[in-house]
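My entries follow in the order I made them.

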Amino acid sequence: MSSKYPFAEIEPKWQNFWEKNKTYKTDLSHSGKKLYCLVMFIYPSGAKLHIGHWYNYGPTDSWARYQKLKGKNVFEPMGYDAFGLPAENYAIKTGIHPHDSTMTNIDEIRMQLKRMGCMYDWDAELMTCEPKYYKWNQWLFLQLYKKGLAYRKNAPVNWCPKDQTVLANEQVLSDGTCERCGTTVIQKNLTQWFFKITEYAEELLAGLDKITWPEKTKLMQRNWIGKSVGAEVHFKVDGSEEIISVFTTRPDTLFGVTYVVLAPEHNLVDILTTNEFRNQVQEYRNSIKSLTEIERTSTVKEKTGVPIGAFAINPVNGEKVPIWIADYALATYGTGCVMAVPGHDERDFEFAKKFHLPIRKVILQPGTNETDELTEAYTEPGTMINSGSFTGVNSDEGIEKIISYLEEKGFGKKKVNYRLRDWLISRQRYWGTPIPIIHCEKCGEVPVDEKDLPVELPYDVQFKPGGESPLISSEKFMNVKCPKCGSNAKRDPDTMDTFVDSAWYYFRYLNPNITTDPFDKSLADKWTPVDMYVGGAEHATMHLLYARFIHKFIRDIGYTNSDEPFSHLIHQGTITNQGAKMSKSKGNVVNPDQFIEKYGSDVFRMYLMFMGPYELGGDWSDKGIAGTDRFVQRTYELAMKFSGLLKQSASQNVYDVEKLSENEKHIYKKINQTIKKFDEEINHFRFNTAIAALMEMINEMKLLDACSKEIQLYALKRFITLLAPIAPHLAEECYNMLGSEKSIFENPVWYEADPIALVEDMVSIAVQVNGKLRGTVQAAINCSQTEVKNLLLNDEKIKKHLEGKEIVKEIYVPNKIYNIVVK
């Protein structure tokens, strides 16, 4: 028999064994040592399972297997995030229905996932495009609707002309393009559905302190929520009953207001614009229609705006100031109105300079004079000047004092503002969850009765690009009777953002076939939050924020007992190719299948883990994969050589080091040091260094021939156990060859390192100076010359024979003697 490892027959053999024996079926009734380990589920695209999925799923599964060996009851499920745009675009192009292409892709991806050899509990598999799943998205929508947290409003929204659908703010990149296709996003006014995530803004901020997530991700969420504390100030309008309310974080600068800016879309613009300014106001509004919020608020963009002919009255000094409209004021942020203080705000300063508006200094910079002209806005704290009775007050104190004054006079109040917007969930697409609302001319919006859920997607619809939902073309779907009055009505034609599907899926895995509830509450109370969640960092302000919001809402309606969905989060890095992100358009996508066919799944998994630190990822090169393969071959040869050893011998748990031969002692110490190192590294997702420790260990295994059968067995059992999380098929086969009747994972065991064996052996090294013995130093065995020299230079007895002398020669005989010649 050839000693080459026959992975092509061994990997399927163990995969079939695990499946047949339900080795990875989690007993969810025992939650004592529970560990819920989850990866972000896969979107079943035509590209199937690519290297990025492998890098997310393989190493995380290795960590989960390690935890199982350590005695944890691990639940590791897998499913499919099956709704979404690509399947629909594919249908427009090819005529293949999204349901059909998705199901075909899922079948192929399932096969690929099984070939990976992960520990997935396949009984827990779910797919979000099944009515039994999305029924509960609709149920969730109705619960939010009942609480006033799902609402419909006409608003300027981000529209992608290529994908022909609305995008949430989170889906528009900082350069104003669609995160999916790179097309420049435009603004459109549409009536859309929103979820009121802003209601939870404060709690979403506070909760970040209670979870173990990467600091960078937490910071991104904090910035996205964007809390600022300040005041709401009410400006009266000259000759009108209207009030303009502004939000400011700097009420201490109120005496420096020289004009007020309204968002061009603000409803007061039509009311307050005087006749002579009406034309130029309309022209200006038309000119900025296509700009996105991101473009409008860009600090580098040329400032534009026009006056509307009306005046506001500053509540603190009664001064009349002109009202302008400008695109940098957004109707969706704060109140849609801005008080402009050019002396102390950079944007206002530039605007005032361009349009020759007054600039007034009301905060004095320390070390400057009141009469010095401002060449730029001074935005730091200082002393209040030109501020009536507040002159002379430190500006930081002035903030609180002005707020108290405004509240006392009824001119305003203290206010907290958030940058976070409500979550826009309407999509003008087919392949998603239908919104469970019926529109009746008499009754308005009527929610579908819960007993009538799910509202199922019709199969027969027209897929053609156009600005409205393809569902509109299905008369059978659209035309219904109003549940309230029985007259003719229409269904809502939009579907929900697919981020709704992934906002709660981790609950459903615990019992994906439950029909009476969205998920099994008794299991969810014991098994959530998820203990370890692993996935891409690109989801920081979308999926990871939405899931936190929905989790808190589910808690508030009494369905879960925890505050957060994922207590521990890790982001894997990105695997690039020649320094570039892999993409079909660049033609640089690495297909894992070709390597699995050549080397097997374990080699590919280990090679990915060996590439570098897990959270950094790395640049793909297949140069080193042969080295990983060599390690696997050597391991297999070792197992063959000692085949049947379990039946010939037994080993103790601990040995007295002093009673072992030199070679046995070396192996005993080395395997225990490897256990300690491996344990520490893999526990912290440092797979590359964990594997390096095993590669070092196998080099020492050549000494096994000179050891007793007991020590051979002691070392091999431990080596194979360490191998099991990172190369599961190989380890099962080696353990089997050793003579085990059972699978490692059926009967999990972990070997703790013997602390005595971790202590380095010490030797006495004689130190001679000019041929005379001047002392000895104690050093760890096999110490380097530098380490021994450091020890002797710090030895008082030896040091005095060297002081003030020049060392001309040194000779070191390892573990024995150190000779120094001085003059």
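In what order do the four strands of the open sheet lie? I read S6-S5-S7-S17, with antiparallel pairing. Two strands pair if DSSP finds at least two bridges between them. Helices (H or I, at least four residues) and strands (E, at least two) are DSSP runs, numbered from the N terminus. S6 (165-167) and S17 (423-424) are the edge strands, each with a single partner, so one side of each has no neighbour in the sheet.

Before going on, I noted the ground rules. This is a predicted model, in which local features need pLDDT of at least 70 and side-chain atom pairs count only at pLDDT 80 or more, while totals for chains, interfaces and linings use all residues. Residues are numbered from 1 along each chain as its sequence is written, and side-chain values use heavy atoms, with hydrogens and water left out.

I looked up the pairing of S5 (residues 150-160) with S7 (residues 186-195) and found 10 bridges, running antiparallel. Ala150 has Phe195 of S7 as its bridge partner. Helix H5 (residues 131-146) lies across S5 and S7, at about 90° to S7. Axes here are lines fitted to C-alpha atoms, for helices over the stretch in contact (heavy atoms within 4.5 Å). Angles run from 0 to 180 degrees between N-to-C directions.

**Second largest pocket.** I noted a volume of about 1,500 Å³. A pocket is an open set of points on a 1 Å grid over the protein atoms alone, where a 1.4 Å probe fits, with protein on both sides within 12 Å along at least five of seven lines; lining residues have an atom within 4 Å of a point. The volume is the space filled by probe spheres set on the points. The lining has 46 residues, and Thr297, Leu330, Tyr333, Arg347 and Arg419 lie nearest the centre. Elements giving two or more residues to this lining include helix H7 (215-225), strand S9 (243-248) and helix H11 (346-355). By class I found 18 nonpolar, 17 polar and 11 charged. Ala, Val, Leu, Ile, Met, Phe, Trp, Tyr, Cys and Pro count as nonpolar, Asp, Glu, Lys and Arg as charged, and the others, Gly among them, as polar.

**Gln221.** I found Gln221 in helix H7. Gln221 is buried, with a relative accessible area of 0% (buried means under 20%, with a 1.4 Å probe and protein chains only). Not counting residues up to four places away in sequence, Gln221 touches Leu208, Trp213, Ala540, Thr541, Leu544, Leu545 and Arg548.

**Strand S32.** S31 and S32 form a hairpin with three residues between them, where Asn815 has a positive phi of about 65°. The covered face of S32 holds Tyr818, Ile820 and Val822, the uncovered one Ile817, Asn819 and Val821.

**Helices.** The axes of H18 (residues 601-610) and H22 (residues 687-700) come within 7 Å and cross at roughly 115°. Among the contact residues are Met606 and Phe610 of H18 and Phe687 and Ile691 of H22. I then checked H24 (residues 728-738): 10 of its 11 residues are buried, so H24 is largely enclosed by the rest of the structure.

Methods: Buried means under 20% relative accessible area, exposed over 50%, partly exposed in between (1.4 Å probe, protein chains only).
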